[in-house]
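Please walk through the fold of this protein chain, from the overall build down to a single helix.

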Amino acid sequence: MAVLQWVEDLNTGIEEIDIQHRRIVDYINRLHELRESPDRAALSEVIAETVDYTISHFAYEERMLEDSGYAFTDLHKRVHELFTRRVGEMQTRFEAGEDVAQELHTMLSRWLFSHIRNEDHCYVDAVKTYQRMTGKGSKQDIEHTKQQVMHKLEKKYKRKGFFARLFG
Ligand SMILES: [Fe+2]
Ligand SMILES: [Fe+2]
């Protein structure tokens, strides 16, 4: 699978979400560059960053869906959860010395675009309506949500500074 290219139909029109999705694509492309590298430390770092950033994005998105009262929030969370587990298993295999970079890259590439098109796009109307009706979605709201999500993730993963470097 080649370098991922962002295409217009992936945009949700929710600015912060599009920024985050594009950033995941950048991480996946870095993984593509390094996938055959003999430098396992560099590979390990890019895998960890890709996974951490994806988890951060999921948490942000889920908070946004909860706030918006999106009817299928639980289902959407479940999809994220299953995917996080699959990626986690692959990361464990990598840390155990297996050569999974190519497999991980293929899985992330296929999954991300399909998830954006098929599942993320479903919440767009609900979120936009909520933001329009409440005046939410300002820069300040986005920062506030990020802070809350960051706090929650730091607690959950017991890692100080978790994703501050990513969302900063
Ligand atoms: Fe999602
Ligand atoms: Fe998403």
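This is a predicted model: local features need pLDDT of at least 70, side-chain atom pairs count only at pLDDT 80 or more; totals for chains, interfaces and linings use all residues.

The protein chain holds six helices and zero strands. Read from the N terminus, the order of elements is α-α-α-α-α-α.

Next, the overall dimensions. Along the principal axes, the C-alpha atoms occupy a box of roughly 50 × 35 × 25 Å. Of the 168 residues, 24% count as buried.

Take contacts between residues at least 6 apart in sequence: 67% of them join residues at least 24 apart.

Now turn to helix α5. This helix covers residues 139-157, which makes 19 residues. From first C-alpha to last, α5 reaches 27 Å. That is close to the 27 Å expected at 1.5 Å a residue.

Which residues of α5 are buried? They are V149, M150 and L153. Seen down the helix axis, the buried residues fall within an arc of 110°, and therefore they line one face of α5. A residue counts as buried here when 20 or more other C-beta atoms lie within 10 Å of its own.

The other side of α5 reads differently: Q140, H144, Q147, H151 and K155 are exposed there. So much for the helix itself. Just after α5 comes K158, with a positive phi of about 50°.

Definitions and conventions
Residues are numbered from 1 along each chain as its sequence is written. Chains are lettered from A and ligands numbered from 1 in the order in which they are written. Helices (H or I, at least four residues) and strands (E, at least two) are DSSP runs, numbered from the N terminus. The expected span of a helix is 1.5 Å times one less than its number of residues. A residue is buried if 20 or more other C-beta atoms lie within 10 Å of its own, exposed if 12 or fewer, and partly exposed in between; C-beta atoms are placed from the backbone. The arc is that of the directions from the helix axis to the C-beta atoms. Two residues are in contact if their C-beta atoms, placed from the backbone, lie within 7 Å.
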